[in-house]
Amino acid sequence: MKRFVKVALLIMVLALAMSAVASAQDARPYRIVVVTHGQASDPFWSVVANGVNDAARDMRVEVEYQAPGTFDMVAMSQLIDAAVASEPDGLVVSVPDAAALGPSIEAAIAAGIPVISINSGSDVAAELGVLAHIGQTEYEAGFGGGQRMAAAGVTNALCINQEVGNAALDLRCQGFTDALAEAGGTVNVLAVDLSDPTGTEARVSAALAEDESVNGILALGPTGSTPTLAALEADGLLGTVQLATFDLSPQVLEAVRDGNMLFAIDQQQYTQGYLAVVYMTLFLENANTPGSLLVQTGPGFVTADNADAVIEYSARGTR
């Protein structure tokens, strides 16, 4: 019996060794560096990172995800420069500020490193010369949100911007403003610091107290919608002031499902991270490129009608 157990264990060890060798042989010889402006610990960017990591596994390539500790364009440009100096086979970047990051991205391309942009940067993708941009067009997404807000009766709104100067977020507010203006409404941008959720909640409450005609708020992400929702709850304004947000989280989806949030604009960030690695691998291995420069992943709108169907996927980190 002991001999049988030893033989069985030996067979298991050999099988594992052969599997490891086969896996190593199957691995593609590519290293891709992903540099974004969002930390993998952030609820939104953690989903992007999940997409990146899942694609790395599925495509059998080495991928490194990097981001500055805070929204810092100098630090981000330095990360891109360091990535270029390490001579990766491919580079994936978000482009929240083309003026700050453009020279580093162009240097990567000049060095012969193919670049794909994701999330922010759709408006400068052609100018920078990247292979493709994967994401949503931010102005149009904001405009769509404004149309839905106007249809719900919103006439005076706030746009909660946690990163004024981030081109993608500024475009969201601009699209929202233009759509509401087209319907005869107005929008004011409220700048907040999301590193201080309590302070953000207080700023929202103060803005609502200062102008009682505000009847709609658009947050630009889950971390902005959370203190905003808390402010509305504390002030007894849920249902009186319509709230919507960009992007998803379990809390956002529950609020939409329960009727405490009008809608969430979904850009499918998991898809952004996943497709970037897939497209880069296909380009490196077979010179494949997408059929268009802009690969749209949104906007989609999650409402009370379909929130339940999305909650399960958000809980597992893919929406």
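Me: In this predicted model, what is the handedness of the crossing of α8 and α9?

Reply: The crossing of these two helices, α8 and α9, is right-handed.

Me: How is the packing of α8 and α9 to be described in terms of angle and axes?

Reply: Two packed helices are described by the angle between their axes and by the distance between the axes. Here, helix α8 (residues 197–210) packs on helix α9 (residues 222–234) at about 50 degrees, and their axes lie 8 Å apart. The two helices, α8 and α9, are therefore oblique to each other.

Me: Which residues of α8 and α9 meet?

Reply: From α8 come Pro197, Thr200, Glu201, Val204, Ser205 and Leu208; their counterparts in α9 are Pro227, Thr228, Ala230, Ala231, Leu232 and Ala234. Sorted by class, this contact of α8 with α9 has eight nonpolar residues, three polar and one charged.

Me: At what angle do α2 and α11 pack?

Reply: The angle between α2 and helix α11 (residues 269–286) is about 30 degrees, with 7 Å between the axes. The pair α2 and α11 is therefore roughly parallel, since angles under 35 degrees count as such. The crossing in which α2 passes α11 is right-handed.

Me: Which residues does α2 bring to its contact with α11?

Reply: Among those of α2 are Phe44, Val47, Val48, Val52 and Met59, and the partners in α11 include Tyr270, Tyr274, Val277 and Val278. The residues of this contact between α2 and α11 divide into 11 nonpolar, five polar and two charged.

Me: How do the axes of α3 and α4 cross?

Reply: The axes of helix α3 (residues 73–85) and helix α4 (residues 98–110) cross at roughly 5 degrees and come within 9 Å. That angle makes α3 roughly parallel to α4. In α3, the residues Met73, Met76, Ser77, Ile80, Asp81 and Val84 meet Ala100, Leu101, Ser104, Ile105 and Ala108 of α4. By class, the α3 contact with α4 comprises eight nonpolar, two polar and one charged residues.

Me: Which helices each supply at least two residues of the lining of the largest pocket, and what is the lining by class?

Reply: The helices α2 (43–59), α7 (167–182) and α9 each supply at least two residues of that lining. By class, the lining of the largest pocket has nine nonpolar, 12 polar and five charged residues.

Me: Where does the backbone call for attention, at Glu87 and at Pro299?

Reply: Most residues other than glycine have a negative phi, and most peptide bonds are trans. Glu87, although not a glycine, has a positive phi of about 55 degrees; Glu87 lies in the loop between α3 and β3 (90–94). The peptide bond from Gly298 to Pro299 is cis, with omega near 10 degrees, and Pro299 lies in the loop between β11 (294–296) and β12 (300–302).

Notes. Residues are numbered from 1 along each chain as its sequence is written. This is a predicted model: local features need pLDDT of at least 70, side-chain atom pairs count only at pLDDT 80 or more; totals for chains, interfaces and linings use all residues. Side-chain values use heavy atoms; hydrogens and water are left out. Axes are lines fitted to C-alpha atoms, for helices over the stretch in contact, and angles run from 0 to 180 degrees between N-to-C directions. Helices (H or I, at least four residues) and strands (E, at least two) are DSSP runs, numbered from the N terminus. Angles under 35 degrees count as roughly parallel, over 145 as roughly antiparallel, 65 to 115 as roughly perpendicular and the rest as oblique. A crossing is left-handed if the near helix is turned anticlockwise from the far one by less than a right angle, and right-handed if clockwise. Contact means heavy atoms within 4.5 Å. Ala, Val, Leu, Ile, Met, Phe, Trp, Tyr, Cys and Pro count as nonpolar, Asp, Glu, Lys and Arg as charged, and the others, Gly among them, as polar.
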